[in-house]
Amino acid sequence: MKYKNDMIIIREFTPEEFTLFSTLFENENVTRYLPYKTPEEYKEMFDKALADYEAGPFSRWGIFNTQTDDFVGMCLARVFLDNPEQVEIGYTLGENYWGKGLGTEVCKALVDYCYSLHPKKDIVAVTDLDNIGSQKVLLKSGFNRIENLAREDRELAYFREGINLCLILQTKDREFPSCGGVAKIQGIFDGVVLHTPTSNFFAIKHFIYQIIYHNLQEL
């Protein structure tokens with residue numbers, strides 16, 4: 001994954017950047033809501049990220065400041081272990097970059113990337129139940145909280161991208177309730193007027209696919 005805007009650059013780590021990666025997780029405020037890992041486990045995580053660049057398309061990537069090239073944090077996209085039909089995104093930022101809107105920028109970039117690869121799959125994220133800051137970022141990024149996710153060792157807040165409005169699809173003679181925004185189709189081919197929780201191109205493409213494939217295939 002490669003991404004750049006006026007605020008952040010998201011790119012592959014180089015092997016020499018393990019120190020940047022590992023130092024990120026030495027801050028107790030950063031790891032407060034993360035499962036405990038040993039230094040050896042972080043090294044394994046980093047090495048797997050490097051290997052995943054060859055296998056693709058999912059991995060962990062570094063986030064850097066566009067203006068200074070300072071290390072900001074890391075982000076990931078992967079097949080969701082709890083549901084292989086979904087794609088999970090996540091990120092971890094250094095404490096000095098909290099509250100600057102960078103989490104929202106990272107989420108937007110990851111959602112774009114995941115939809116470009118799998119427009120039919122739901123994109124999800126999970127957080128610790130007490131991690132209110134990350135939950136606010138996800139809500140701002142077009143995610144919506146659904147039922148909590150229960151694992152053997154813990155319960156997590158569970159978010160899915162782009163389902164916060166009831167979708168009403170109108171054809172010439174029928175309506176279909178679904179989720180994902182508000183869409184109006186005049187006839188089947190006359191045109192689409194779509195309002196979604198996000199202006200993300202791939203999200204809109206995803207909504208249209210879901211509407212037509214799931215609701216109109218019998219017409």
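The dialogue below takes up helices, salt bridges, strands and cores in turn.

Me: What kind of model is this, and how are its residues numbered?

Reply: This is a predicted model, in which local features need pLDDT of at least 70 and side-chain atom pairs count only at pLDDT 80 or more, while totals for chains, interfaces and linings use all residues. Residues are numbered from 1 along each chain as its sequence is written, and side-chain values use heavy atoms, with hydrogens and water left out.

Me: How many residues does helix H3 have, and what span is expected for it?

Reply: Helices (H or I, at least four residues) and strands (E, at least two) are DSSP runs, numbered from the N terminus. The expected span of a helix is 1.5 Å times one less than its number of residues. H3 has 17 residues and reaches 25 Å from its first C-alpha to its last, close to the expected 24 Å. After H3 comes Gly56, with a positive phi near 55 degrees.

Me: Which residues of H3 are buried, and where do they lie around the helix axis?

Reply: An α-helix has 3.6 residues a turn, so residues three or four places apart point the same way. A residue is called buried under 20% relative accessible area, exposed over 50%, and partly exposed in between (1.4 Å probe, protein chains only). In H3 the buried residues are Tyr42, Met45, Phe46, Ala49, Asp52 and Tyr53. Seen down the axis of H3, these residues fall within an arc of 120 degrees, so they line one face of the helix; the arc is that of the directions from the helix axis to the C-beta atoms. The face turned away from the buried side carries the exposed residues Glu40, Glu44, Glu54 and Ala55.

Me: What covers the buried residues of H3?

Reply: The cover is judged by contact, which means heavy atoms within 4.5 Å. It includes helix H1 (18-24), helix H2 (28-31) and strand E3 (59-65).

Me: How many salt bridges does a search of the whole structure find?

Reply: Side chains of opposite charge can pair when their charged atoms come close. A salt bridge is a side-chain nitrogen of Lys or Arg within 4 Å of a carboxyl oxygen of Asp or Glu. The search finds nine of them. One of these joins the side chains of Lys48 and Asp52, at 2.9 Å from N to O. Both residues belong to helix H3 (residues 39-55) and stand four residues apart, about one turn of the helix. Lys48 counts as partly exposed because its relative accessibility is 49%, whereas Asp52, at 18%, is buried.

Me: Which parts of the chain does the salt bridge of Arg151 and Asp82 link?

Reply: The side chains of Arg151 and Asp82 meet at 2.6 Å, N to O. This pair links distant parts of the chain, 69 residues apart: Arg151 is in the loop between strand E8 (149-150) and strand E9 (155-161), and Asp82 is in the loop between strand E4 (71-79) and strand E5 (86-93). Arg151 is partly exposed at 32%, and Asp82 is partly exposed at 37%.

Me: In what sense do E3 and E4 pair, and over how many bridges?

Reply: Two strands pair if DSSP finds at least two bridges between them. E3 and E4 pair in the antiparallel sense over six bridges, and Gly73 in E4 is the bridge partner of Ile63. These two strands form a hairpin with five residues between them, and Asp69 in the turn has a positive phi of about 65 degrees. E4 is also joined to E5 by seven bridges, the two running antiparallel, and here Ala77 has Ile89 in E5 as its bridge partner. E4 is mostly covered, with seven of its nine residues buried.

Me: Which residues of the largest nonpolar core touch the most other members?

Reply: In soluble globular proteins, nonpolar side chains tend to be buried together. A nonpolar core is a set of buried Ala, Val, Leu, Ile, Met, Phe, Trp, Tyr and Cys residues joined through side-chain atoms within 4.5 Å. Of the 45 residues in the largest core, those touching the most other members are Met1, Ile10, Phe21, Trp61, Ile63, Ile89 and Phe143. Helix H4 (residues 102-117) gives the most to this core, with nine residues. A second, separate core of seven residues includes Phe80, Val124, Val126 and Tyr158.
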